[in-house]
Amino acid sequence: MKKVIFNKFPKQEIAQLPVVSFPGRIVVILSAGEAQRAVDYLLSQPILGVDTETRPSFRRGDKHLVSLLQVSADNICFLFRLNRTGLTPAIVRLLENTDVPMVGLSWHDDILSLKKRGEFKPGHFIDLQDMVGRLGIEDLSLQKLYANLFGQKISKRQQLSNWDADALSDRQKLYAATDAWACIQLYRELKRLEETGDFELVNVIEPAENDHQSSNNTERK
């Protein structure tokens, strides 16, 4: 039986899904020495998930540099607190590596943010947004993509928290690690579906503004 996926996952259904969280170990990196050891380990892995977090701005004109770079392998995620370390030589080495694929979402924007911390030549990055369209998926957010492919919800409650805080809360750490780790899971599943064709795409037809139907129509292909 083929896997059913949607071109657009119904947003109202996400709240009813079970929550998924990173199941592994989380390590916070606060110094150049710690960064070097973490990068040595990460570059020994077959694939990495990456994401960044920035302190939100609530007033016009306020801008903050990227606060956190989270890089996950399958069972461990390192949280590089860039507001403490900056782009150390080891972190630059990681970002410029061309051997281990680093998977992110909307990663072009993250690269621009990271470059405000320091210059580097982007290495082997894979953007999930470049993959989903080949399967007919139109959603581009991490939460919707994960719900669509795995039937689970990634909580976004910590997204607008203070990522420059003196110490990150356990909830912040888990949120950051989950986002990076989820990119690996999505990449593997998207690649599997693309290679096998083992899916059925359901096109969700959104009602027009003057259509007061309570639910969306669907069309299977």
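Mentor: A term to begin with: buried means under 20% relative accessible area, exposed means over 50%, and partly exposed is in between, with a 1.4 Å probe and protein chains only. Helices (H or I, at least four residues) and strands (E, at least two) are DSSP runs, numbered from the N terminus. This is a predicted model, in which local features need pLDDT of at least 70 and side-chain atom pairs count only at pLDDT 80 or more, while totals for chains, interfaces and linings use all residues. Residues are numbered from 1 along each chain as its sequence is written, and side-chain values use heavy atoms, with hydrogens and water left out.

Trainee: OK, how many residues of strand β8 are buried?

Mentor: Five of the seven residues in β8, which covers residues 199-205, are buried, so the strand is mostly covered.

Trainee: And in which sense do β1 and β8 pair?

Mentor: Strand β1 (residues 3-6) runs parallel to β8, with four bridges between them, where pairing requires that DSSP finds at least two bridges. Within that pairing, Ile5 stands opposite Leu201 of β8.

Trainee: Switching to rings, how many aromatic pairs are there?

Mentor: Rings of Phe, Tyr and Trp (its six-membered ring) pair if their centres lie within 6.5 Å, and planes under 30 degrees apart count as stacked, over 60 as edge-to-face and the rest as tilted. By this rule there are seven aromatic pairs. In one of them, Phe22 and Trp181, the ring centres are 6.1 Å apart and the planes stand at 65°, so the pair is edge-to-face.

Trainee: Where in the chain do Phe22 and Trp181 sit?

Mentor: Phe22 is in the loop between α1 (11-14) and β2 (25-29), whereas Trp181 belongs to helix α8, so this pair links distant parts of the chain, 159 residues apart. Both Phe22 and Trp181 are buried.

Trainee: What about Tyr146 and Phe150, why is that pair tilted?

Mentor: Their ring centres are 4.6 Å apart and their planes are at 40°, so the pair counts as tilted. Tyr146 and Phe150 both belong to helix α7, four residues apart, which is about one turn of the helix.

Trainee: Buried or exposed, how do those two come out?

Mentor: Tyr146 counts as buried because its relative accessibility is 3%, whereas Phe150, at 29%, counts as partly exposed.

Trainee: Which lysine lies over the face of Phe150?

Mentor: Lys3 does, at 5.1 Å from the ring centre; a charge sits over a ring if NZ of Lys or CZ of Arg is within 6 Å of the ring centre and within 35 degrees of the ring normal. Lys115 likewise lies over the face of Phe120, at 5.9 Å from the ring centre.
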